[in-house]
Amino acid sequence: MFAVSQEALPIGGSNDTSQAVLGSAISDPDSGNYSIDTSPYEGAVLVVAEDNFGSEWQPDTNYQVNDVIRPLNFQGYVYYCTVAGASNSTEPVWWIDTDNVQSVGTAKFKAKPFSRPLAHGPVNPTIIPNQ
């Protein structure tokens with residue numbers, strides 16, 4: 001998730017203005033909740049949610065838990081590593097069953113549909129005073 005200023009802001013020391021990325025956060029995987037500190041900006045923001053697109057699968061590569069990969073020919077799914085290991089020298093036959101973990105070499109992955117970026121706004125942030 002990241003927040004972008006709705007209004008154009010001055011660009012350091014010039015007469016130019018532009019929208020600015022004010023902050024970012026990773027949403028809670030269960031609830032979807034997030035918090036982004038946009039201070040000192042207090043205007044409306046555009047909130048953009050972006051899914052992890054991962055990196056292209058590579059042969060003979062060590063993958064760690066939580067690495068995200070995608071097929072060389074993207075088919076709408078990404079794959080989250082659940083057990084660390086090494087990939088084979090040939091690309092696997094990709095699956096779309098999201099309930100099961102499957103092997104890619106000695107590593108294990110779980111399929112997840114890729115969500116395209118979403119934007120919502122303008123949103124007026126909730127101002128939380130410093131304590």
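Strands and aromatic pairs in a predicted model

Q: Which strands make up the open sheet, and in what order?
A: The open sheet has 4 strands in the order β4-β1-β5-β13, with antiparallel pairing. Strands are DSSP runs (E, at least two residues; helices are H or I, at least four), numbered from the N terminus, and two strands pair if DSSP finds at least two bridges between them.

Q: Which are the edge strands?
A: They are β4 (21–24) and β13, each of which pairs on one side only. From one strand to the next, the twist averages 20°; axes are lines fitted to C-alpha atoms, for helices over the stretch in contact, and angles run from 0 to 180 degrees between N-to-C directions.

Q: What is the bridge partner of Ala3 in β4?
A: The partner in β4 is Gly23. β1 and β4 pair in the antiparallel sense over 3 bridges.

Q: And which residue in β13 does Ala49 stand opposite?
A: Ala49 stands opposite Leu118. β5 pairs with β13 (residues 118–123) in the antiparallel sense over 4 bridges.

Q: New topic: how many aromatic pairs are there?
A: A search of the whole structure finds 7 aromatic pairs. Rings of Phe, Tyr and Trp (its six-membered ring) pair if their centres lie within 6.5 Å; planes under 30 degrees apart count as stacked, over 60 as edge-to-face and the rest as tilted.

Q: Why is the pair of Phe53 and Phe74 edge-to-face?
A: The ring centres of Phe53 and Phe74 are 5.0 Å apart and the planes lie at 75°, so the pair is edge-to-face. Phe53 is in the loop between β5 and β6 (55–56), and Phe74 is in the loop between β8 (68–70) and β9 (77–83), 21 residues apart.

Q: Which residues form one aromatic cluster?
A: Phe53, Phe74 and Phe114 form one.

Q: Are Tyr63 and Phe109 buried or exposed?
A: Both Tyr63 and Phe109 are buried (under 20% relative accessible area; exposed is over 50%, partly exposed in between, with a 1.4 Å probe and protein chains only).

Terms used:
Residues numbered from 1 in each chain as written. Predicted model: local features only at pLDDT ≥ 70, side-chain atom pairs only at ≥ 80, totals over all residues. Heavy atoms only, no water.
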